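Student: I would like to learn how to read strand pairing, crossovers and salt bridges in a model. Can we work through one together?

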Amino acid sequence: MAAANAHYYATRDPLGKAGDFITAPEISQMFGELIGAWCADLWQRAGAPPIAYVELGPGRGTLAADALRVMAKAGLAPAVHFVEASPVLRAAQAERVPGAQWHDSLQSLPQDTALLIIANEFFDALPIRQLVRAGSGWRERRVACQDTLFVPIAGPDVPDSVIPPPLREAPAGSVIETSPAAVAMIGDCARRLAAQGGAMLAIDYGYEGPAIGETLQAVRAHAPANPFEAPGERDLTAHVDFATLAAAAQANGAVVTPLATQRDFLGLLGIDARAAALGPRALADRARLVGADAMGTLFKVLGLHAPGWPVPAGFA
Ligand code: SAH
């Protein structure tokens, strides 16, 4: 999954009508604007310290450009740091946010300033493991290549200790997913916040796990595709287990908010007023972002902040 997605993102801009999928910042400027207001509000309440804006997987840079415009109106002009693997998307980001600096990982981010870290539809692209209950134990699902076809096969036994305790006795055939890469990534973010100050938003489709069920999916041209077909040519994602990410963030020193739906989060930040001010097209976009039948409840928002920092807006 890691190798397939690295190739996928390195070789195209997948966003938008002509691409494979669309994301909230590409639906409407309101999404980035409200996140910019969230950043500016928190920064002001924290006493306006030196701070950098960090985005993980910024796509086309649209969210950052919309957010930075609103921050500037509030007197906040942070240095911008993008963690982005794809050269194609780095070029798109440079068009919208010319002053940004790019990073392959969190390691090279500045260490002498507080951080506002934003990750929208980033964690879902990180690789997962699938573990399958077979007989009396659990086995990892692996991927094999038969002729030219990739197929899932039974892999080695895994010890019960890697299975969350409430799920250990699940019925045969049950599948659970873990993402060591996502857990490591949010742990690194949490350690940065604890050491340097600041806050983070992780926004994605997901659930409060751990739970039974497989969510690995592929999309191509806005339609579901077979994840084992044409590896590296399809967008592979899995739903994000926010409870596990929150626990990892806490274990690494960050304070976490309760999980919010995208609907409630954007509602508390004032999307209704912004949509009304922008007009009819924005009202339709608003429905896509917060509608229960669209992105409103499937998408969740997890907030992290440094101990001693004010609680970020948008969480009940
Ligand atoms: N946040 C954007 C794009 C989401 S698509 C939006 O909401 O529109 C996922 C983004 O994460 C892309 O920019 C992709 O290139 C980047 N990405 C995926 N895996 C990555 C990894 N392991 N390291 C760095 N960036 C990654």
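Tutor: Two strands count as paired if DSSP finds at least two bridges between them. Helices (H or I, at least four residues) and strands (E, at least two) are DSSP runs, numbered from the N terminus. This is a predicted model: local features need pLDDT of at least 70, side-chain atom pairs count only at pLDDT 80 or more, and totals for chains, interfaces and linings use all residues. Residues are numbered from 1 along each chain as its sequence is written, and side-chain values use heavy atoms, with hydrogens and water left out.

Student: How many bridges join S1 to S2, and do the strands run parallel or antiparallel?

Tutor: Five, and S1 (residues 51-56) runs parallel to S2.

Student: Through which helix does the chain cross from S1 to S2?

Tutor: Through H4 (residues 62-73), in a right-handed β-α-β crossover. Right-handed means that, with the strands pointing away from the viewer, the path from the first strand over the helix to the second runs clockwise.

Student: Which strand pairs with S2 over three bridges?

Tutor: S3 (residues 101-103), again in the parallel sense. There, Trp102 is the bridge partner of Phe82. Helix H5 (residues 87-96) carries the chain from S2 to S3, and this β-α-β crossover is right-handed.

Student: Is S2 mostly covered or uncovered?

Tutor: Mostly covered. Buried means under 20% relative accessible area, exposed over 50%, and partly exposed in between (1.4 Å probe, protein chains only). In S2 (residues 79-83), four of the five residues are buried.

Student: How many salt bridges are there?

Tutor: First the rule: a side-chain nitrogen of Lys or Arg lies within 4 Å of a carboxyl oxygen of Asp or Glu. By that rule the count is 17. Take Glu33 and Arg69, whose closest N and O atoms are 2.9 Å apart. Glu33 sits in helix H3 (residues 29-45) and Arg69 in H4, so the pair links distant parts of the chain, 36 residues apart.

Student: Why does Glu33 count as buried?

Tutor: Because its relative accessibility is 6%. Arg69 counts as partly exposed because it has 38%.

Student: Which residue meets Arg234 in a salt bridge?

Tutor: Glu229, at 3.0 Å from N to O.
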